[in-house]
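This report walks through one protein model, starting from a single residue and ending with the whole chain. Please look at the sequence and the structure before reading on.

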Amino acid sequence: TSLVLALAAGSALAEDTLLQDAQAQFQPVPAQAPAIKGNEATPDKIELGKMLYFEPRLSKSALISCNTCHNVGLGGADFQQTSTGHGWKQGPRNSPTVFNSVFNVAQFWDGRAKDLAEQAKGPIQAGVEMNSTPENVVKTLNSMPEYVALFKKAFPGDKDPVSFDNMARAIEVFEATLITPDARFDKFLKGDAKALSDVEKEGLQLFMANECVSCHGGVNMGGDDYYPLGVVSKPREEIIAGDKGRFAITEAKDDEFAFKSPSLRNIELTPPYFHSGVVWSLEESIEVMNDYKIGAN
């Protein structure tokens with residue numbers, strides 16, 4: 001009996017240690033969308049942003065919306081190696097999920113947009129994505145009385161409420177609502193030891209012990225900074241796909257082949273993986289990171 005009690009006590013202690021270690025490295029997704037500094041999320045503005053997010057007429061072809069590449073029914077991504085845009089052109093990078101993206105330090109794989117509002121402007125103007133212009137967007141929105149009325153409600157007091165900037169600000173506050181709280185892992189972080197299975201807890205322990213958490217921690221399990229894709233060695237060219245990552249933005253040698261770490265939230269819903277989208281299974285993704293990041297088998 002004493003042996004059984006001792007084993008039980010040891011197991012409980014190990015569980016407590018695992019939970020404490022996890023709580024020091026991760027935070028649960030909050031129940032409410034975070035406030036955007038300088039961009040109040042009123043119901044009218046969120047509703048407008050939702051309509052704009054699904055609005056294909058923002059694109060030159062009137063076929064492509066934000067939701068085309070960041071489909072809320074497909075885990076916030078598009079289930080393609082790289083996204084299909086205007087004229088059926090393929091973009092150079094895999095589409096990251098929009099879910100929980102408000103918690104990222106910046107947007108895009110290379111962080112070239114400081115926030116979701118700035119990010120919203122990029123694809124609309126990109127030739128391989130929506131291929132439009134701010135002028136065309138404003139002209140299109142002004143041609144529809146319902147949108148004009150919605151912009152006036154969302155931005156009361158603005159002399160010219162239908163603007164490209166206000167379009168982006170509305171989309172930003174809507175996208176900030178696309179969060180996924182109360183995952184089983186979140187419940188574990190809040191103290192429910194039974195929320196994870198024994199195998200999942202073993203995986204969590206390995207994830208922290210092998211320093212995967214150094215790039216994939218915090219609220220979003222990633223998205224907090226830029227990291228070189230290879231440490232022990234450089235990944236195979238198929239994965240890199242000629243992309244130097246953040247180096248193209250900063251031209252700093254240390255940023256060569258560095259990318260914003262992707263969020264691991266809902267990761268099972270958003271294959272394929274890496275900026276190049278060439279890896280379709282989580283198991284292979286882990287093997288790649290084992291090889292090039294920590295040199296483990």
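## Arg112 and its surroundings

The side chains of Arg112 and Asp110 are joined by a polar contact of 3.1 Å. A polar contact is a pair of N or O atoms within 3.5 Å; within protein, one must be able to donate a hydrogen and the other to accept it, and residues adjacent in sequence count only if both atoms are side-chain atoms. This is a predicted model, in which local features need pLDDT of at least 70 and side-chain atom pairs count only at pLDDT 80 or more, while totals for chains, interfaces and linings use all residues. Residues are numbered from 1 along each chain as its sequence is written, and side-chain values use heavy atoms, with hydrogens and water left out.

Arg112 sits in the loop between α3 and α4. Helices (H or I, at least four residues) and strands (E, at least two) are DSSP runs, numbered from the N terminus. With a relative accessible area of 41%, Arg112 is partly exposed; buried means under 20% relative accessible area, exposed over 50%, and partly exposed in between (1.4 Å probe, protein chains only). Apart from neighbours within four places in sequence, Arg112 is in contact with Arg93, Gln107, Glu118 and Ile249, where contact means heavy atoms within 4.5 Å. Lys60 is 52 residues from Arg112 in sequence, and the two are 23 Å apart in space, C-alpha to C-alpha.

## Helix α4

Which residues of α4 are buried? They are Leu116, Ala117, Gln119, Ala120, Pro123 and Ile124. They lie on the same side of α4, because they cover an arc of only 160 degrees around the axis; the arc is that of the directions from the helix axis to the C-beta atoms. The cover over the buried residues of α4 includes α5 (134–142) and α7 (164–175).

At the N-terminal end, α4 is capped by Asp115, which has a side-chain oxygen 3.3 Å from the backbone nitrogen of Ala117.

## The second largest pocket

The second largest pocket holds about 550 Å³ of space. On a 1 Å grid over the protein atoms alone, a pocket is an open set of points where a 1.4 Å probe fits, with protein on both sides within 12 Å along at least five of seven lines; lining residues have an atom within 4 Å of a point. Grid points are joined across faces, edges and corners, and a volume is the space filled by probe spheres set on the points.

The lining has 30 residues, and His70, Pro96, Phe108, Gln119 and Glu129 lie nearest the pocket's centre. Two or more lining residues come from each of α3, α4 and α7, with α4 giving the largest share, four residues.

## Backbone details in the loops

Phe79 has a positive phi, near 60 degrees, although the residue is not glycine. Phe79 lies in the loop between α3 (66–69) and α4 (116–125) and is partly exposed at 48% relative accessibility.

The loop between β2 and α12 contains Asn266, whose phi is also positive, near 55 degrees. Asn266 is partly exposed, at 23% relative accessible area. Pro272 is found in the loop between β2 (258–260) and α12 (282–294), and a cis peptide bond, with omega about 0 degrees, joins Pro271 to Pro272.

## The whole protein

The protein has twelve helices and two strands. Its C-alpha trace spans about 80 × 45 × 30 Å along the principal axes. Of the 297 residues, 45% are buried. Among contacts between residues at least 6 apart in sequence, 66% join residues at least 24 apart.
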